Amino acid sequence: MPPRDYPISKVTLPAEVHPVNTTYRIRESIKITLNNNYSSRITFIMMNPAFANDNQSDDTVNGIINFIFNNSIQIVNTNENIDDVGFLNVVNLFSIYNRDSRELWDDLLKIRSNNQLREEEFKTLLDNNINTINKIINNHSDYIVLAWGLPNDIYISLALYYRQIFEIQKIVKHSGLPIFVPQTNKRPYLSKRETPFHPNKKRLTGLVKVEINNLNEIIPL
């Protein structure tokens, strides 16, 4: 996935990126202000950042911007609409930049094998990301979209993948905010493994309202 320009007529730059000036190339969150008069905030939770930063975007982030800017967002299973989104937050299960998620695990292994991060330091890296997500959800969100996808060919540690998911789902559930998954290309709401779809290279056609039950399952309403 190559870097892209932001759709400059639709957003106000620079975007707000956190953190800055880090040892590792990470992005825990990005906040993008849309050029409209709305004030509601929608937060997409995806796998890991590709390129998007304060002044440069990527296909996935631009696709989300176009989806929420151009449309009255249809909630396909409740016949509702969201019409008032003025801010987009993007956070991720993992904060390390990589344009190809299939290479993400190699990056994580490289960081640890070079003794750059011991176990506790690596855990701190993961926990700092969770803490940022907690702040974004509880202080800067009105709607939450689960959109992290499923690793192809199991290219990442499933233990870490589900650790991050369960921690984030606990935060999302306790927030009491409306929760959604994306509908892409009018496909089924969840994958065969009941995970939300990732919007990369897929056309967003609506959102599906869901809940998270006591077994951590995502259930369409």
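Let's start at L204, which sits in strand β11 (residues 204-212). Strands here are DSSP runs of E with at least two residues, helices are runs of H or I with at least four, and both are numbered from the N terminus. L204 is buried, with a relative accessible area of 13%; buried means under 20%, exposed means over 50%, and partly exposed is what falls in between, using a 1.4 Å probe and protein chains only. What does L204 touch, leaving aside residues up to four places away in sequence? Its contacts are G63, I64, F67, P182, Q183, T184 and P199, where contact means heavy atoms within 4.5 Å. G63 is 141 residues away from L204 along the chain, yet their C-alpha atoms are separated by 7.8 Å.

Before going on, a word about the model. It is predicted, so local features need pLDDT of at least 70 and side-chain atom pairs count only at pLDDT 80 or more, while totals for chains, interfaces and linings use all residues. Residues are numbered from 1 along each chain as its sequence is written, and side-chain values use heavy atoms, with hydrogens and water left out.

Now for the strands, and β9 (143-146) in particular. Both of its faces are covered: Y143 and V145 are buried on one side, and I144 and L146 are buried on the other. In a regular strand, side chains alternate between the two faces of the sheet. β9 pairs with β4 in the parallel sense over four bridges; two strands pair if DSSP finds at least two bridges between them. Within that pairing, I42 has Y143 as its bridge partner. β9 also runs parallel to strand β10 (residues 179-184), this time over two bridges, and V145 stands opposite F180 there.

Move over to strand β3 (residues 29-34), which is joined to strand β2 (residues 11-18) by five bridges, the two running antiparallel. H18 stands opposite S29 in this pair. β3 also pairs with strand β8 (residues 85-92), again in the antiparallel sense, over four bridges. There, T33 faces F87.

Next, the charged side chains. How many salt bridges does the model have? The count comes to five, taking a salt bridge as a side-chain nitrogen of Lys or Arg within 4 Å of a carboxyl oxygen of Asp or Glu. One of them pairs D59 with R4, their closest N and O atoms being 2.7 Å apart.

The side chains of D142 and R41 meet at 3.0 Å, N to O. D142 lies in the loop between α3 (119-139) and β9, and R41 lies in strand β4 (residues 40-46), so the pair ties together parts that are 101 residues apart in sequence. D142 is partly exposed at 25% relative accessibility, and R41 is partly exposed at 23%.

E167 is partly exposed at 31%, as is K170 at 42%. Elsewhere, salt bridges with shared partners join K123, D127 and R163 into one network.

On a 1 Å grid over the protein atoms alone, a cavity is a set of points where a 1.4 Å probe fits but cannot get out; a pocket is an open set with protein on both sides within 12 Å along at least five of seven lines, and lining residues have an atom within 4 Å of a point. Grid points are joined across faces, edges and corners, and a volume is the space filled by probe spheres set on the points. The structure holds one cavity of 30 Å³ or more. The largest cavity has a volume of about 40 Å³, and its lining consists of F94, S95, I96, L108, L125, L126 and N129. The second largest pocket has a volume of about 220 Å³. Among its lining residues are H18 and S29, the pair that stand opposite each other.
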